[in-house]
Amino acid sequence: MIHNDKLEQFHERLASENLGPLWASIHSLNTIEPKARPIPYLWKKEHIRRNLEEAEHLLEVGNGADRRAVFLINPGMKDLKPHGWGGATHTLYAAIQAVKPGEVAPAHRHTTTALRFIMQGEGGKGRVNGGEEEFEPGDYLITPTWTWHDHTNQGNETVLWMDCLDTPFTLYMNVCFTEFYPQKQQQLLVPNNYGSRRYQGGMTRPISDRNPSLAPLTRYKWGLTKTGLDGLSELDPDPYDGHAIEYINPSTGKDANDRIGARMQLLPPNFQGKAHRHVHSNVYHVFKGSGYTVMNGVKFDWSEGDFFVVPPWTWHEHVNASDGEQCYLFSTNDLPLMEAFNFEKLETYLENDGHQDINDVFQPIL
Ligand SMILES: [Fe+2]
Ligand SMILES: [Fe+2]
């Protein structure tokens, strides 16, 4: 292409008139492969907890704060307004929420779709669409788009959970609505643990659900998740993800939450995962165990309670370095969105028997 001062001036004038020259822009608009905005990153448990404890002293839930949650901001998205779009990745928001004994996180609903993974504490209860379910560590809960939800802690210790929403995606799409319920808690419309009772058989569906619904089951008990993984672990692990399961909507067989996927994976002792990369992104929470993940040649060491993100098209491999202890990794993903638009692609790392060279070790904020 011919470069001269006149052409440069022309480009500047076009920009000042809210126009753009395609001949000079096409390669950054149609990239050869994805240029992810979020970067590979890890947040340590101690770092997040220290800040959440400070918020516990400063805020009372239901009295000045609707939710006491500290969210992860990916450094690659920090400059986006507002608040880095609440992006752990370009599509997924993730936070750690604390509810102290006696507190009520008031009822509301929003277009963003949400899910929770209970990390710590007994006595938590949540209401979703007129039903109430108690929860304990390891349980997975969903509040899909536009469902009323509120939470309480009726135990004696602080309850902590991970929230994940598709906030950056709904912000980008300009589609976010929110509505507040007139009372602190929503009215109960069905018996307690309604969904869990209706689906407790696991392999059976009430005949009235032959026509699928959005959230026939809102709570997935840790005990059942573990049973699923125990069965898988009697077989050979997947070379990339170990023994991994997805939470599904039992009336459709698709993802439990229609816009955010969620998985639990078990890495057996000494598991050395091979590397792959994919278009969908992940937010990981280390539920149990310790190990490391290599992303684009950088080693990210993790232990129980930590969070890390795998951005789009990032080589990654997971390792459980312990020879006696199992690792359980909970993760969320935007695979339902990527599949809905036919964006998903997967590539496996072929060199060096599927393992990346480690060039650097990530230093987290402590
Ligand atoms: Fe909410
Ligand atoms: Fe992966």
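**Strand pairing and overall fold**

Strand E6 pairs with strand E13 (residues 178-180) through three bridges, and the two run antiparallel. Within this pairing, histidine 110 stands opposite threonine 178 of E13. The model is predicted.

Now the annotation. UniProt, in an unreviewed entry, places the feature "domain: Cupin type-2" at residues 96-163 and 265-329. Take residues 96-163. This stretch is 62% strand and 0% helix. Its end C-alpha atoms lie 6 Å apart. Residues 265-329 come next. They are 55% strand and 0% helix. The end C-alpha atoms of this stretch are 5 Å apart.

Step back to the whole protein. Its secondary structure comes to 25 strands and seven helices. The radius of gyration is 22 Å, close to the 21 Å from the globule rule for 366 residues, so the protein is as compact as a globular protein of that length. The C-alpha trace spans about 75 × 50 × 50 Å along its principal axes.

Packing and contacts complete the picture. Of the 366 residues, 39% are buried. Among contacts with a separation of 6 or more, 76% come from residues 24 or more positions apart.

Technical notes:
Residues are numbered from 1 along each chain as its sequence is written. Chains are lettered from A and ligands numbered from 1 in the order in which they are written. This is a predicted model: local features need pLDDT of at least 70, side-chain atom pairs count only at pLDDT 80 or more; totals for chains, interfaces and linings use all residues. UniProt positions are given in the numbering used here, feature names are shortened, and annotations may be inferred rather than shown by experiment. Helices (H or I, at least four residues) and strands (E, at least two) are DSSP runs, numbered from the N terminus. The radius of gyration is taken over C-alpha atoms; the globule rule is 2.2 Å times the number of residues to the power 0.38. A residue is buried if 20 or more other C-beta atoms lie within 10 Å of its own, exposed if 12 or fewer, and partly exposed in between; C-beta atoms are placed from the backbone. Two residues are in contact if their C-beta atoms, placed from the backbone, lie within 7 Å. Two strands pair if DSSP finds at least two bridges between them.
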